[in-house]
Amino acid sequence: MANLVYKRVSTDQQSTARQNLVLDEAGIEDPAVFEEDAGTSSRLHPLQRPKFGELLAYARPGDTVHISEMFRLVRGTQHILDVLDVLHRGQVALRIHDGAFSAMDLTARHPRTGELLSTVKFMVQTLAAAGELQRDLQRELTYDGLRAAEAKGSKGGRRPAIEAGKTDVVRTAYLEGRSIAALAREHGVSRGAIRTAVADLMPEHTAADREDAQTPELPVTLDMPGKVADFLRATELDDAERAALDRGVTVRRGQGYTLRVTTTPAVHRGLLTRCQPLDGAQGLPVVPAQRKARREYETRVNALAATAGP
């Protein structure tokens, strides 16, 4: 069983030194480390983050995800519950080594229903709410401190990271279509500094940046007929599709079986397209049992779109 370590910092100026200390003291054996690029925002849903996505694709049933503290992985209450649900479906454990969550078994489920224990859910929601309250209070205190400083003639906050003479150059480049990330690299500053310089321009010019705020596609579990799974295993697939099949759970049904696959709707749709030849396409002979199996899977995949809503 593998030990998977996840690390993240919210800004370019932070380091993982504290996380490294906590995780080193935990004595994790042979860790496989997945570290997000510096400055990966906590507001981005964990299931949309590149390295956490790689971790989920790499994970196998029985593996354990290790993090130094809960808020390196998630911030909001719903994010926590989404991640716990995905880890449970993949039969992956979660171990937190510091903070209020370190003494809790967050993967505890009801033995009959399989749902997250109500006491665990309550504690998760309570502690997450407490964390959000702490951050809100910190913001309020910071704001009050800045107002007091301004009343005395001082201007609080950090100095601008972009030189005054370069601000117009940055703003012009932004209006011409340069991305925030590209401008940050070019001028050797953080992305936050670029956003500050172009803040009044963003409502009209950052449709692409707002994509991160969209609700992510969450993994769903569908039963794939064994005949479809057998065909796909012998077919060329991309990494996400192959990982979804590899993580599938076999459920015996009479003389056959069903593969219980947990992945995003987009990957399910891709797998459905891959098994199109079972309908008699591409010159292959039609096998009625295979065609029936594919259409059963098609019905289940199409039901995802019907329930997703506008």
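In this predicted model, helix H1 lies across strands E1 and E3 and runs at about 160° to E1.

Four strands form an open sheet with parallel pairing, in the order E2-E1-E3-E4. E2 and E4 are the edge strands, each of which pairs on one side only. From one strand to the next, the twist averages 25°. Strands of a sheet pair through backbone hydrogen bonds, either parallel or antiparallel.

The loops that follow the strands and helices may be considered next. Ser68 is found in the loop between strand E3 (64–67) and helix H3. Ser68 counts as buried because its relative accessibility is 0%, and buried means under 20%. Leaving aside residues up to four places away in sequence, Ser68 touches Gln19, Val22, Leu23, Ile96, His97 and Asp98.

Most residues other than glycine have a negative phi. Asp30, however, has a positive phi, near 45°, and lies in the loop between helix H1 (17–26) and strand E2 (31–35). Asp30 counts as exposed because its relative accessibility is 72%, and exposed means over 50%. Gln91 likewise has a positive phi, near 55°; its place is in the loop between helix H3 (77–89) and strand E4 (93–96). With a relative accessible area of 45%, Gln91 is partly exposed.

How values were computed. Residues are numbered from 1 along each chain as its sequence is written. This is a predicted model: local features need pLDDT of at least 70, side-chain atom pairs count only at pLDDT 80 or more; totals for chains, interfaces and linings use all residues. Side-chain values use heavy atoms; hydrogens and water are left out. Helices (H or I, at least four residues) and strands (E, at least two) are DSSP runs, numbered from the N terminus. Buried means under 20% relative accessible area, exposed over 50%, partly exposed in between (1.4 Å probe, protein chains only). Contact means heavy atoms within 4.5 Å. Two strands pair if DSSP finds at least two bridges between them. Axes are lines fitted to C-alpha atoms, for helices over the stretch in contact, and angles run from 0 to 180 degrees between N-to-C directions.
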